[in-house]
Amino acid sequence: MSDTEKATVCPSVAVPADPRHSSSSADSIKKNRASPTCVSHNMVLSGETDEQGDASTEHRRPGNIGRVMLPALAGLVLAWWVSGLVVEATRSRWIPASLWAWFFLLVILFRFLPISIVTSPISPFISAITTPILSLPYHVRLMLLWLAAVAITFGSAFGSARPAGTSMSDRAISLAGVYFTQLLIVGMSHNKKAILWTRIPTSIILQQALALFIYKSDAGDKFFAWINAAVADFQTGAIEATAFIFDPETVAKKWFFVAGLATMIFLAAFVQMLYFFNWMQWLTKQFAWLGENILGASGAETFVALWTPFFGQVHSAILVGPYVNSMTDAELGTVMATSMSSASSLQMLTYATLIPTLPLRSLLAVSGAAIPGALINSKVAFPEDPAGPVTLTRSRTSTCANRKKIQLRKAVDLLDCLSDGAIIGLRIAGSVLTNFFSVLGLLVFVNGLLIYIFKSFHVPALDLHLVVAAPLAPFTFFLGIPRDEVWRMSYIISGKLLVSSDFAMAALKTAMASSEPFSERTLAVGGMALCNAASLGSLGSQVGVMIALAPAAKKSAICKMGIPALLVATVVTIQTTAIAANLF
């Protein structure tokens with residue numbers, strides 16, 4: 001729920017999210033209503049370009065070309081949807097197909113019709129629901145949100161069926177871990193006075209609701225699995241294309257250099273094409289409304305949070321590349337922490353194949369819960385300074401007004417923009433790989449030095465894994481796994497924190513093949529705790545992609561926010577795992 005003081009139908013009107021962070025709600029609303037109306041998305045098919053300037057009305061009809069091409073495109077989408085329902089081989093995917101088809105059909109429809117034909121009839125009903133709620137005192141609303149958060153988490157932990165091997169105490173411990181990690185995140189905040197406190201219970205509610213939707217319903221599982229597979233196929237196509245450069249045997253080995261180089265260059269070129277058509281700007285504008293009213297974040301931050309569980313940390317940052325130059329320090333910290341809070345679709349499918357007994361559904365549940373959890377908790381840790389600079393994508397209005405301020409070269413044609421994207425992708429790949437190797441090299445050096453020093457004290461087994469596993473043991477305990485397996489799993493999680501999730505998953509596979517394999521609950525919960533990019537190795541990759549996307553003047557700010565972002569991401573991943581563990 002948004003913490004606005006007044007409900008409004010027009011999404012372009014920015015209303016203060018918390019009455020304590022605005023000097024005058026009435027003056028703010030009046031000022032925003034007097035501002036120029038947000039310009040709608042300019043599609044190339046309509047023949048309208050950015051040089052035409054701002055329009056005086058929000059709805060702009062398509063041009064002559066668009067009046068022909070858009071209906072034809074709508075007919076093609078409708079035919080694809082109907083054929084998918086008729087053909088038996090694709091009928092099982094009717095839920096995601098219907099959502100995507102009708103999304104595009106509605107986008108095309110509202111190019112011809114104003115959105116007011118929908119908002120005007122329902123606005124009285126929205127006002128009737130929201131006005132009584134928003135008229136309540138702030139502390140009453142905060143109390144009601146916390147009651148809802150406690151109700152959904154306790155109901156999930158103690159009201160859902162428990163599989164064999166899971167005790168009531170296991171659920172109680174993971175439930176306690178949810179609130180223990182929340183206290184830590186608040187304690188890590190850089191500016192507690194700027195925290196939007198109502199967002200915290202909202203985060204817990206959304207995380208648990210998404211975990212329930214994915215883990216307990218077939219519709220949620222199939223929908224996220226379909227998106228997961230689609231994105232993985234998208235990335236796999238780029239990897240397979242490297243067979244034209246390398247031999248097929250090299251491609252089949254899935255080396256990080258080969259796979260990373262291919263996907264980064266291809267995605268950067270593809271995203272650059274979407275910016276050329278103004279489609280990414282339009283999507284960012286829509287995400288700005290979602291972030292402002294529900295998640296308490298900017299459009300760019302919301303964009304990254306929504307796509308990180310599918311594209312992964314490096315690739316999700318590429319999606320908002322032109323906005324990195326204008327990001328505040330809080331935005332940089334949020335984007336980096338959010339990007340490290342989940343694994344990609346390709347990684348999840350790889351892990352489920354690597355360890356056949358590891359349920360993919362649990363990985364999907366924790367990645368879905370990470371979307372609101374990582375974003376809202378990152379904003380708790382890195383809140384925007386009310387007296388600081390305003391973010392470009394703070395709202396739909398500001399996103400439109402500042403669309404010419406993003407770092408984006410105006411390409412002359414499609415080939416020109418693809419060439420720009422390929423060069424950007426190559427720069428990103430080089431920066432990511434070199435930073436990743438430099439961090440890992442330093443870790444290997446420190447680990448060797450530590451072993452050498454402690455051998456003189458007759459402590460030959462001490463290394464970085466043991467040093468990091470000790471403080472991680474309490475966090476592992478709060479995941480609700482059996483107590484006799486806490487230390488072993490903590491040791492494996494320390495490998496993830498030091499190196500990468502791939503390294504830790506390989507260690508988990510070895511442990512499952514040993515004479516003392518983990519229990520079913522420890523495997524599922526531990527696998528969820530490893531399925532993210534919160535590691536020192538991934539921090540090198542994250543810093544590398546952000547530096548490659550930003551000018552040299554932004555490098556110091558990015559590096560300054562790196563370690564705090566990693567710490568926040570680590571705690572956030574523990575919380576999302578504990579929330580998902582409430583259901584296992």
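How many aromatic pairs does the structure hold? The structure holds 21 aromatic pairs, where rings of Phe, Tyr and Trp (its six-membered ring) pair if their centres lie within 6.5 Å. This is a predicted model, in which local features need pLDDT of at least 70 and side-chain atom pairs count only at pLDDT 80 or more, while totals for chains, interfaces and linings use all residues. Residues are numbered from 1 along each chain as its sequence is written, and side-chain values use heavy atoms, with hydrogens and water left out.

**Aromatic pairs and cluster**

- The ring centres of Trp 81 and Trp 102 are 5.5 Å apart with planes at 80°, so this pair is edge-to-face; planes under 30 degrees apart count as stacked, over 60 as edge-to-face and the rest as tilted.
- Trp 81 belongs to helix H2 (residues 64-86) and Trp 102 to helix H3 (residues 94-109), so the pair ties together parts that are 21 residues apart in sequence; helices are DSSP runs (H or I, at least four residues), numbered from the N terminus.
- Trp 81 is buried at 19% relative accessibility, whereas Trp 102 is partly exposed at 38%; buried means under 20% relative accessible area, exposed over 50%, and partly exposed in between (1.4 Å probe, protein chains only).
- Phe 276 and Phe 277 form a tilted pair, 5.4 Å centre to centre with 55° between the planes.
- Phe 276 is partly exposed at 24%, and Phe 277 is buried at 15%.
- One aromatic cluster is formed by Phe 223, Phe 224, Phe 234, Phe 266, Phe 270, Trp 307, Phe 310 and Phe 311.

**Helix packing**

- Helix H14 (residues 329-339) and helix H23 (residues 536-549) pack at an angle of about 135°, with their axes 10 Å apart; axes are lines fitted to C-alpha atoms, for helices over the stretch in contact, and angles run from 0 to 180 degrees between N-to-C directions.
- H14 and H23 are therefore oblique to each other, given that angles under 35 degrees count as roughly parallel, over 145 as roughly antiparallel, 65 to 115 as roughly perpendicular and the rest as oblique.
- Leu 332, Val 335, Met 336 and Ser 339 in H14 meet Leu 539, Gln 542, Val 543 and Met 546 in H23, where contact means heavy atoms within 4.5 Å.

**Surroundings of Thr 153**

- Thr 153 lies in helix H5 (residues 138-159) and is buried, with a relative accessible area of 0%.
- Thr 153 and Ile 579 are 426 residues apart in sequence and 7.6 Å apart in space, C-alpha to C-alpha.
- Not counting residues up to four places away in sequence, Thr 153 touches Leu 175, Tyr 179, Ile 204, Gln 208 and Asn 582.

How values were computed
Helix = DSSP H or I, 4+ residues; strand = E, 2+ residues; numbered from the N terminus.
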